[in-house]
Amino acid sequence: MVSHIDDDELTMISFGEPTRPADEEHLTQCEHCQSRLKQLDFVVSTARGVTDADRPVAPPDSVWDAVVAELALTPEKPVASVTSIEVARNRILLGSAVTAGLILGQSDDALNSVVVARTKLEPVAGSGLQGTAAVEASGDSSTLRVSVRDLPAVSDGYYEVWMATADAGKMVALGTLNPGSDAAFILPRGMKTADYPLVDVSLERFDGNAGHSAVSVVRGQLPV
Amino acid sequence: MTATLLHDYLTVALFREPDTRSWGSFVELEAQDVVEDVSVRFVDGDETALADAYRAWSSLVHTIALRKTGNDADAADITQAVFVSAWRGRAGFDPQRGTLPAWLLGITRRRIADHWEAQSRDVRKLTAVGESQDDEPVEAHMDSVIDRVLLVDELSRLGEPQRNIMELAFFQDLTHAQIAGQLGLPLGTVKSHIRRSLERLRLRLEVDGVAY
């Protein structure tokens, strides 16, 4: 009775991790495992062949207008391109896409606060939006200042700022970010930015659900 | 603020303290629900479902059209044609036979084929007989482009930490063990995320792709 190579092991082989001699041996004889591995190899090689040119490109707004006109419909516009989000794409390419620059000791001209960490906020899932987040320390208080350029207005929802653990397993809701203005949030005392380095802005609906909508528009990771 | 309002406010505030729900599982659940919900309303002729479908899949349709034609205006025309004919032909969509995005991609392929057909008619009119349009190798190359575009699309639909893990594995060539170390996750967790995510990507390419 042949026992096939288990899926964890086949997956690792498809990523080019070292193969155990017994599995190597089995693979030379077992068509089932060969064909399974071939399928996985195909996915890995496709992914590793991805280039910048494979990024999604949203159609111009005029296309939706033309669809509506041609069908003689009267629906509301699908809220700019912001909500092509949960579905869409981007952010990919070159790892965690976390572009973070630590600027220590740069003084903020407003108050006696000091920027202790700063990150760019990169578009999530094709939102095309960008921004910045900075943690400012002043005395024993820390503030997260968030700015997203050209944040579109939404008719039936709002934007919320979160900080999360690096694996996004735990998150803290900080508050609302309104289009057209920056926002600053006093961080809970005792919450270490090293523990919650991800800064995320989500699109929320007025649905009474206090959890994250899973629809993020920008995200960045503070250097820890 | 009245006492009642203040009470409501505090109650809400208390209940929204640190939310420990993982984004990952939530995103996956929502993604499936969204596809199903949009599909049902689409077939029912609910106009908002057309807008939802457009939001969800117009970038994918447009990107494939753009890569296939290499021309902004043609890609925009094809995208428009796909959504117009999908809406007019929605009675022909059978959720039992496939997902709405797979159906939209089928229409996209037909529209792109129509486009090339029209192009080559024009070319035949213009060029001398005997100059063949040697486009076979280009087609094969373009099929792998579609696979890559689909893969990027599906990757973006993974929740966290799965997406991060897969990006590290694919694009930074980190081993499973290195990823576990970097993210501070148990190796077994990383292994099972990678196995499941790879399978999900494989299925997407199988359902919507052209390789199989």
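Predicted model: local features only at pLDDT ≥ 70, side-chain atom pairs only at ≥ 80, totals over all residues.
**Entry 1: A:A168**

Next I looked up the backbone. Phi of A:A168 is near 60°, a positive value, and the residue is not a glycine. Most residues other than glycine have a negative phi. I placed A:A168 in the loop between β5 and β6 of chain A.

**Entry 2: the hairpin around it**

How do β5(A) and β6(A) pair? They run in the antiparallel sense, over 6 bridges. Strand β5 covers residues 157–164 of chain A. I picked out one bridge: A:M163 is partnered by A:V172 in β6(A). The hairpin has 6 residues between the strands.

I then checked β6(A), residues 171–177. Of its 7 residues, 5 are buried, so the strand is largely enclosed by the rest of the structure.

**Entry 3: A:D150**

I looked at another positive phi in chain A. For A:D150, also not a glycine, phi is near 55°. This residue sits in the loop between β4 (141–148) and β5 of chain A. Is A:D150 buried or exposed? I found 11 other C-beta atoms within 10 Å. The limit for exposed is 12 or fewer, so A:D150 is exposed.

I moved to α4(A), residues 61–71, and α4(B), residues 72–88. Their axes are 9 Å apart, and the helices pack at an angle of about 40°. That angle makes α4(A) oblique to α4(B). The crossing is right-handed.

Which residues make the contact? From α4(A) I listed A:V63, A:A66, A:V67, A:E70 and A:L71. From α4(B) I listed B:A76, B:T79, B:Q80, B:F83, B:V84 and B:W87.

**Entry 4: a cis bond in chain B**

I checked the peptide bond between B:E160 and B:P161. It is cis, with omega about 10°. Most peptide bonds are trans. B:P161 lies in the loop between α6 (136–157) and α7 (162–171) of chain B.

Key: Residues numbered from 1 in each chain as written. Chains lettered and ligands numbered in written order. Buried ≥ 20, exposed ≤ 12 C-beta atoms within 10 Å, placed from the backbone. Helix = DSSP H or I, 4+ residues; strand = E, 2+ residues; numbered from the N terminus. Pairing = 2+ DSSP bridges. Axes fitted to C-alpha atoms, helices over the stretch in contact; angles between N-to-C directions. Parallel < 35°, antiparallel > 145°, perpendicular 65-115°, else oblique. Left-handed = near helix turned anticlockwise from the far one by under 90°. Contact = placed C-beta atoms within 7 Å.
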